[in-house]
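Me: I'm new to this one. Can you walk me through it in short answers?

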Amino acid sequence: MADFDLAVIGAGATGAAIARDAAGRGIKVLLLDRNDLSSGASFGPDMLVRRALHTRSGAIAAWRAALAEREVMLATAPHLARAQRIVLLPQESNRSALALRGRLFACDHLTKRRILPASQTINLTHHVFGTALRRQFDFGFAYSDCRIDEVRLPVANTRDAADRGAVVCTRTRLHTERGEEWTLVLNARGERRSVTARVLANAAGASVNEVAARLAVKPPFAIRSVKESYIVARRAFDHDGGYLLPDRRYGRYVLALPFAEDSMLIGPAEQDHSGDAAAPAPAAADIASLCALANHYFRRAIQLDDVTPFARVRVIAAAASCPWTPPAPHRLLHLDAPRGLAPLLTVGDGPVVLARRLAEAALGQIACFFAGAPSWTANAPLPGGEFTPDALEIFTKETLRRWPFLRASHARRLVSSYGARLERILGGAAQSSDLSERFGADLTAAEVRYLMREEWAETADDILWRRSALGFGFAATEREALAQFMAAEQSVGSRSSLGGTP
């Protein structure tokens, strides 16, 4: 008998969602990643309405299913997914204002909405959204979309998978042998262990074809890599809404959204990418074009020297008729199950908001190999999400009432990151000093210990970039102090990586 029913390669949005779904069906799961959780994730949002404005007509069924999934995410992860109100400024678009309004109307009515409010035309000369804009932008179209914390979502899925019995191994190198079962030789931190699995799923994201080649199978998907560049700058507006800025020169739509503290996130600027998907660097021309676009729309100017740029790589099907249309799940799945050999399921990458739905389809493809339960994730909250979407502010106020020594911004960040699980960080603390050392921003030793204990964090960068966005506000000396603290904690209570799950 195999040690595991299913082994999943890749602990990004898709792989973690597959592991969670499978573990919840009673399937014995091993989740592996050669790096950290969320190592391919980014703070750049992949929002569906922006895609809808780019896409050509058609694919109604795909859009209906994708837009409906936003409501599922808002209901099951209200701390990680939220309704973001955005104003589209049609004046500089290559499309007519009427055409853009029609697209927003279609997004409103293709599927039922319980949480997201409808779009509307607003007069910006007498509206809070208009105060930050230059005078010529006198009207716009306000709409709501689902904004997901793409860094925290894979972590939450992995945590739930582990709570349901999955074994999680990060920073683990893998060698495979394929017979009637998969033999997996795991190497991590000087330890070597061999296990077996009945089915293997390759959900390695941007590296899916590279992993397929290592598994000695022909890569089933022709993929195209697209680099998305963003900048983080001082916020040019004094509200929690966002903007969608048409860029006529490049024929694109650029988001300007609230970010950490008093910052805003602007992007993406997109171009084909052929370099290392793990370490993309934003091009200087893209950074300059995003700054220029922001200054064209906003009264409060930003300077090149005052922005923090970053980039991520997104993969899409090279043969897609329109790269903006969300692919149907079955087009991202390829099952290789020759007679006498253990099955291999290869899973392509899609928008993060559709990761749950893609995982559900993936389990449907391999369900015949297990005796697991039916699908269940559409109505089950992710860890920390055990409250309704409209209760987020109430929950934040309750957090401040119970732990009154917290600053409001600190409480909001903890609620938005951990939801109801923040009790595991704050516990019985009665004053700020009970959370122990403070490293920078509002990161405390109590939160660091939680992340090391329950979220597989091992390095300072794990915490600053793959569990939060705190890295944008951390000085080098603060990062070094955090790294030294974590090294000391690890020496006191080190655990075996191949033993796996905290």
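Me: Which residues of H7 are buried?
Reply: This is a predicted model. In H7, the buried residues are Asp286, Ile287, Ser289, Leu290, Cys291, Leu293, Ala294 and Tyr297.

Me: What covers them?
Reply: Strands, among other things. The cover over the buried residues of H7 includes E10 (223-234), E11 (242-247) and E12 (252-258). It also includes E13 (263-272) and E14 (308-317).

Me: How many residues does H7 have, and how far does it reach?
Reply: H7 covers residues 284-297, which is 14 residues. From first C-alpha to last it reaches 21 Å. That is close to the 20 Å expected at 1.5 Å a residue.

Me: Switching to strands. Where is E16, and which of its residues are buried?
Reply: E16 is residues 344-347. Leu344 and Thr346 are buried on one side. Leu345 and Val347 are buried on the other. Both faces of the strand are covered.

Me: Is E16 parallel or antiparallel to E9?
Reply: Parallel. E9 is residues 191-202, and three bridges join E9 to E16. Asn202 stands opposite Thr346 in E16.

Me: And with E15, parallel or antiparallel?
Reply: Antiparallel. E15 is residues 333-336, and the pairing with E16 runs over four bridges. Here Asp336 stands opposite Leu344.

Me: You mentioned E9. What does E9 do with E8?
Reply: E8 and E9 pair in the antiparallel sense, over seven bridges. In E9, Val195 is the bridge partner of Leu184. The two strands also form a hairpin, with two residues between them.

Me: Which residue in that turn has a positive phi?
Reply: Arg189, with a phi of about 55°.

Me: What about E7 and E8? How many bridges join them?
Reply: Six bridges. E7 is residues 173-178, and E7 and E8 run antiparallel. Arg173 has Asn187 in E8 as its bridge partner. This pair is a hairpin too, with three residues between the strands.

Me: New topic: holes. How many cavities of 30 Å³ or more are there?
Reply: Five cavities reach that size. Of the 13 residues lining the largest cavity, the closest to its centre are Ala17, Arg20, Asn157, Arg356 and Leu382.

Me: What is the volume of the second largest cavity?
Reply: The second largest cavity holds about 70 Å³ of space. Its lining has six nonpolar, two polar and four charged residues. Among them are His79, Leu80, Pro383, Tyr450 and Glu455.

Me: Which helix gives the most to that lining?
Reply: H5, with four residues in the lining of the second largest cavity. H10 (408-418) is another helix that supplies at least two.

Me: What does Thr14 touch?
Reply: Leaving out residues up to four places away in sequence, Thr14 touches Ala203, Val347, Gly348, Asp349, Ala355 and Leu358. Val347 is one of the buried residues of E16.

Me: Last one: Pro78. Where is it?
Reply: Pro78 is in the loop between H3 and E3 (81-88).

Me: Buried or exposed?
Reply: Buried. Pro78 counts as buried because its relative accessibility is 2%.

Me: What does Pro78 touch?
Reply: Its contacts are Met73, Gly385, Phe387, Thr388, Pro389 and Leu392, again not counting residues up to four places away in sequence.

Me: How far is Pro78 from Ser416?
Reply: Their C-alpha atoms are separated by 8.4 Å. Along the chain, Pro78 and Ser416 are 338 residues apart.

Note on methods
Residues numbered from 1 in each chain as written. Predicted model: local features only at pLDDT ≥ 70, side-chain atom pairs only at ≥ 80, totals over all residues. Heavy atoms only, no water. Buried < 20%, exposed > 50% of the residue type's maximum accessible area, 1.4 Å probe, protein only. Pairing = 2+ DSSP bridges. Expected span 1.5 Å × (residues − 1). Contact = heavy atoms within 4.5 Å. 1 Å grid on protein atoms, 1.4 Å probe; cavity = no way out; pocket = protein on both sides within 12 Å on 5 of 7 lines; lining within 4 Å. Points joined across faces, edges and corners; volume = space filled by probe spheres on them. Nonpolar A, V, L, I, M, F, W, Y, C, P; charged D, E, K, R; others polar.
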